[in-house]
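I opened a new notebook page for this entry.

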Amino acid sequence: MRLTDEERRIANGEKGEAPRLALSISMELGELFGAEEMMQVSQVHIDSSVYMVDAGLEFAERLAELGGRVAVPTSLNISAIDLERWEAYRVPPELLEKSRRMEKAYLKMGATPTWTCAPYQQGMIPRFGEQIAWGESNAIAFANSVIGARTNRYGDLMDICASLLGKVPKFGLHLPENRKAEVLIHLNGVSKEMFEDNAIYPLLGFLVGELAGDQVVAVEGVPQDVKVDNLKAFSAAAASSGAVGLFHIVGVTPEAQSLDMCLRGLRPKEILEITPRMIQDAEERLSIAKRKMPDLVAIGCPHLSFIEFTELVRLTKGKKINPSVTFWAFTSRTIYGWIKNCGILKDLADSGVMTFTDGCPLQYPHENWHFTVMMTNSGKCANYCYSQTGLGVVFGSLEDCVTTAIQGKIHRGNPPWRKY
Amino acid sequence: MEKILRGCCVVPGTCEGEVIATSQAISFWGGVNPLTGCINDPRHELFDQCISGKVLVFPFGKGSSTTSLIILELARVNKAPAAIINMRSEPILATGPIVSKHFYGKEIPVVTLEEEAFKMLKTGQNVAVNAQEGLVRIRDKL
């Protein structure tokens with residue numbers, strides 16, 4: 001790779017050991033993908049902020065000790081816990097201590113304590129075409145696809161390197177020529193009526209990720225009035241079942257105002273389809289606990305938006321969560337402030353919904369909670385639930401989740417794709 | 001008779017080991033238990049099998065951006081695969097072995113192969129990997 005004079009000084013260690021290490025890692029990645037130079041990014045979203053394993057803590061603490069400082073505005077993904085309500089979340093002392101150390105290391109390096117996996121719904125939202133370096137698979141796919149900002153799928157550790165340098169190697173989805181769709185997916189027989197059930201979006205996302213693998217994909221047949229939160233759910237599921245960094249939805253996402261636009265006038269390498277039968281099958285594959293009664297209902301994967309909270313409170317207001325069920329809602333500190341100010345938080349608490357910030361239902365302190373089955377409306381959460389928590393899982397719409405939690409009896413509605 | 005497969009170096013290093021192969025993508029976070037090195041995604045065909053010390057063959061990565069951290073942790077606790085062989089290694093996947101080399105001085109060689117060569121690798125084969133040269137030698141008699 002060609003380095004600028006300043007980069008050469010960093011490589012020689014003249015700017016300290018932290019940027020030197022960050023640059024050598026970045027250059028090795030860049031050379032591997034054929035990058036010829038480094039390029040500036042305007043902001044970074046760090047996924048590595050969650051304490052999960054000691055390697056992540058050792059890496060962050062080392063860089064902080066070496067005097068590492070963020071070079072561009074940097075937001076943080078989730079924590080392993082709710083850093084404020086850790087008692088109610090029953091966080092064991094060791095996890096609390098290590099999450100606090102993680103917090104300290106990142107704040108010392110100058111990161112912003114956003115603590116959210118939905119950084120595109122408040123805070124430092126990038127604009128169309130902006131060059132950024134984001135971690136967190138759902139956020140990467142959302143930023144690239146729905147906003148049209150440009151980032152590669154940056155993994156943990158590389159995201160910190162990008163932040164300390166304010167630069168990344170120039171390759172992949174940063175370059176317009178790599179953003180065209182290679183795979184085209186038609187929705188075949190998926191009627192307008194089916195889109196009235198929000199649960200279709202995470203299921204479609206899950207299927208699109210499986211079909212697209214690591215290629216840029218275009219999907220045709222999604223209604224133009226699809227809501228942002230539906231795209232969020234789609235994006236999160238697609239980026240869990242595939243290596244999806246960028247998807248186009250024809251007529252919806254900014255780089256796909258027409259099919260031709262996202263194909264850049266070329267033919268797709270592959271044309272595939274999704275049928276109602278496949279949607280039903282995806283729902284069954286995700287619900288490994290079938291119809292077992294959940295003792296945990298968890299929503300907010302990715303973190304709930306304010307609009308999603310208004311929907312939740314509409315469904316729960318004046319009702320009580322059944323004592324046999326624990327109901328968790330996860331969100332960011334920003335949205336938490338909004339729902340507190342307008343009374344939603346109190347209404348939810350009165351119904352028995354526990355609202356947490358910072359954390360993630362896939363990372364909860366399982367040693368102090370004794371659940372067997374989780375129900376969720378998130379395709380991403382359902383996909384990873386067993387491997388991350390050991391719990392059985394039932395996927396359902398938000399309405400199904402709330403009805404189940406209130407009745408204390410499993411409720412799965414009858415969405416139109418089940419008729420196939 | 002030895003069979004030599006030629007591909008590209010992703011992360012340098014050499015090793016010899018037993019192949020564990022799958023045609024399905026892997027997300028290390030939500031797919032591999034970082035304490036044991038075993039596949040814990042119940043929908044994966046390698047579910048419950050251990051990848052530690054093996055030459056792990058899968059087409060490409062998928063899913064979580066925490067994959068790189070899980071690979072680093074597997075290296076830290078000496079439960080990492082001996083080598084990784086892909087058709088395509090995306091940035092998230094490559095980051096784990098790269099950081100592992102720079103931060104812990106531990107090698108996890110990574111090689112990519114074209115589809116035809118990739119498909120010649122089968123579970124149970126004994127192979128020697130020389131990532132710098134992009135070479136994978138199948139030791140077993142054919």
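Domain bounds, as I use them here, come from an automatic or database domain assignment. I note at the outset that this is a predicted model.

**Chain A, domains**

I took the domain assignment of chain A and read off three entries: domain 1 (5-176), domain 2 (180-284) and domain 3 (287-419). I then looked up the spacing of domains 1 and 2 of chain A. Their C-alpha centres lie 28 Å apart. Next I checked contacts between these two domains. I found 14 residues of domain 1 of chain A in contact with 16 residues of domain 2 of chain A. I sorted the domain 1 side by class: seven residues are nonpolar, six are polar and one is charged.

**Core**

Which residues touch the most other members of the largest nonpolar core? I find A:L207, A:V208, A:V217 and A:V393, in a core of 184 residues. Helix α7 of chain A, residues 200-212, gives the largest share of this core, with nine residues.

**Chain B, fold**

I counted three helices and eight strands in chain B. Along the sequence I read the pattern as β-β-β-β-α-β-α-β-α-β-β.

How does the radius of gyration of chain B fit that of a compact globule? Chain B has 142 residues, so a compact globule would come out near 14 Å; chain B has 14 Å, which agrees. I also took the spans of the C-alpha trace of chain B along its principal axes, and they are about 40 × 35 × 25 Å. Of the 142 residues of chain B, 54% count as buried. I looked at contacts in chain B with a separation of 6 or more, and 77% of them join residues 24 or more positions apart.

**Where B meets A**

I turned to the interface last. Here 33 residues of chain B are in contact with 40 residues of chain A. On the chain B side, α1 (67-76) and α2 (91-104) each supply at least two residues. By class, I list 13 nonpolar, 13 polar and seven charged residues on the side of chain B that touches chain A.

Conventions
Residues numbered from 1 in each chain as written. Chains lettered and ligands numbered in written order. Predicted model: local features only at pLDDT ≥ 70, side-chain atom pairs only at ≥ 80, totals over all residues. Contact = placed C-beta atoms within 7 Å. Helix = DSSP H or I, 4+ residues; strand = E, 2+ residues; numbered from the N terminus. Nonpolar A, V, L, I, M, F, W, Y, C, P; charged D, E, K, R; others polar. Rg over C-alpha atoms; globule rule 2.2 N^0.38 Å. Buried ≥ 20, exposed ≤ 12 C-beta atoms within 10 Å, placed from the backbone. Core = buried A, V, L, I, M, F, W, Y, C linked by C-beta atoms within 7 Å.
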